[in-house]
Amino acid sequence: IIRANQTIKNQKNILDRQNKNIKASIRYAETIQQAILPEESLLDNYFESFLIYKPKYILSGDFYWFSKLNSNKSDVDSLFVAVVDCTGHGVPGAFMSMIGNSLLNEMINERKIESPKEILNLLNEEIRKSLRQDQTDNNDGMDLLLCRFDKLNKNDVRLVFAGAKRTLYVIHKDNPELIRLKGDRKSIGGTENANKKIRFSNHEVLLGKGDCIYLSTDGIIDQNGPDRKRFGSKRLEDLIVNNYSFSISEQNENINKELGKFMQSEEQRDDITLLGL
């Protein structure tokens, strides 16, 4: 019995040490992942913004992205903002987020591709190529919203949007009617796109000062409450309409509060990201 107890104690010590090492590695990986995300203060140079960013685990398969591009074709500088939902969460999702982040940097900052739909078309090709999806059964990919903002004059901004399975919400300052710009019903990457000619499309809308837009992954709408019912798109849309006239900080607080009230003690199902601009 003494020998058996000592064996159990030794095994427990080994497991505790391994668990501690794994957690330390994941925490360090978190600092690397956080470093690739744009600082909120950078967004604040151009927008009033709020961000709800809640990884399911320490690492996230969601990420948000921002860049300012000096246009090749005109004197207008463009701002790009993306919110991306990669396959999986935790470590696998974080690996996918690093690939997606790197490809967006390459296409927009280095190759200076300006059309959101062309960026998504190329992103689909590059993800499939990077993961060798023609040779393997890998089915990973991502859904995303990509926005380009062009300042036309002192008051007006042109928004060009392309999306993969995600809807962009727009609400004008003087009109509480919610505008839904629906992305194409196809993901970036994955074997479902293997034999399809995937082409994404652009949507354009004119924005003025005080208008609000919202970019969200599906984590918030898929979250369930204690009764197993989903938060749902309708609840999110109602929240946006009921809160858009408040300050950005109040919108953040009210939406966070409503989400917490809905979830109660339920476990978070997926990574959650909501960016309001």
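Left-handed or right-handed: which is the crossing of H1 and H3? It's left-handed, where left-handed says the near helix is turned anticlockwise from the far one by less than a right angle, and right-handed says clockwise. Keep in mind that this is a predicted model, with local features needing pLDDT of at least 70 and side-chain atom pairs counting only at pLDDT 80 or more, while totals for chains, interfaces and linings use all residues. Numbering starts from 1 along each chain as its sequence is written, and side-chain values use heavy atoms, leaving out hydrogens and water.

**View 1. The whole chain, before we zoom in.**
There are 7 helices and 11 strands here, taken as DSSP runs numbered from the N terminus (helices: H or I, at least four residues; strands: E, at least two). Of the 277 residues, 47% are buried (under 20% relative accessible area; exposed is over 50%, partly exposed in between, with a 1.4 Å probe and protein chains only). Take the contacts (heavy atoms within 4.5 Å) between residues at least 6 apart in sequence: 68% of them join residues at least 24 apart.

**View 2. Helix H1 meets helix H3.**
H1 covers residues 2–36 and H3 covers residues 90–110; their axes come within 11 Å and cross at roughly 30 degrees. That makes H1 roughly parallel to H3. The axes are lines fitted to C-alpha atoms, for helices over the stretch in contact, and angles run from 0 to 180 degrees between N-to-C directions. Under 35 degrees counts as roughly parallel, over 145 as roughly antiparallel, 65 to 115 as roughly perpendicular and the rest as oblique. On the H1 side look for Ile-32, Gln-33 and Ile-36, which meet Ala-94, Ser-97, Met-98 and Asn-101 of H3. Sorted by class, this contact of H1 with H3 has 4 nonpolar residues, 3 polar and no charged ones (Ala, Val, Leu, Ile, Met, Phe, Trp, Tyr, Cys and Pro are nonpolar; Asp, Glu, Lys and Arg are charged; the others, Gly among them, are polar).

**View 3. H3 again, now with helix H4.**
This pair packs at an angle of about 130 degrees, and the axes of H3 and H4 are 11 Å apart. That puts H3 oblique to H4, and the crossing is right-handed. From H3 come Ile-99, Leu-103, Leu-104, Met-107 and Ile-108; H4 answers with Ile-119, Leu-122, Leu-123, Glu-126 and Ile-127. The tally for the contact of H3 with H4 is 9 nonpolar, no polar and 1 charged.

**View 4. A closer look at Glu-126 in H4.**
Glu-126 sits in H4, residues 116–130, and is buried, with a relative accessible area of 17%. Setting aside neighbours within four places in sequence, Glu-126 is in contact with Leu-103 and Met-107. Ile-188 is 62 residues from Glu-126 in sequence, yet C-alpha to C-alpha the two are 9.4 Å apart.

**View 5. Strand S3 between S2 and S4.**
Of the 10 residues in S3 (77–86), 9 are buried. S2 (residues 62–70) runs antiparallel to S3, joined by 9 bridges; strands count as paired if DSSP finds at least two bridges between them. Asp-62 has Asp-85 in S3 as its bridge partner. S4 (residues 141–151) is also antiparallel to S3, with 9 bridges, and there Cys-86 is partnered by Met-142.

**View 6. The open five-stranded sheet and helix H7.**
The strand order is S1-S11-S10-S6-S7, with antiparallel pairing. S1 (50–54) and S7 (175–182) are the edge strands; each has a single partner strand, so one side of each lacks a neighbour in the sheet. Ignoring direction, neighbouring strands are turned by 15 degrees against each other on average. S10 (residues 212–216) and S11 (residues 272–276) run antiparallel with 3 bridges, and Leu-215 stands opposite Leu-275 in S11. H7 (residues 248–263) lies across S1, S10 and S11, at about 30 degrees to S1.

**View 7. Positive phi at Lys-165 and at Arg-228.**
Lys-165 isn't a glycine, but its phi is about 60 degrees. Find Lys-165 in the loop between S5 (156–164) and S6 (167–172); it is partly exposed, at 37% relative accessible area. Arg-228, also not a glycine, has a phi of about 75 degrees. Arg-228 lies in the loop between H5 (219–222) and H6 (232–243) and is exposed, with a relative accessible area of 58%.
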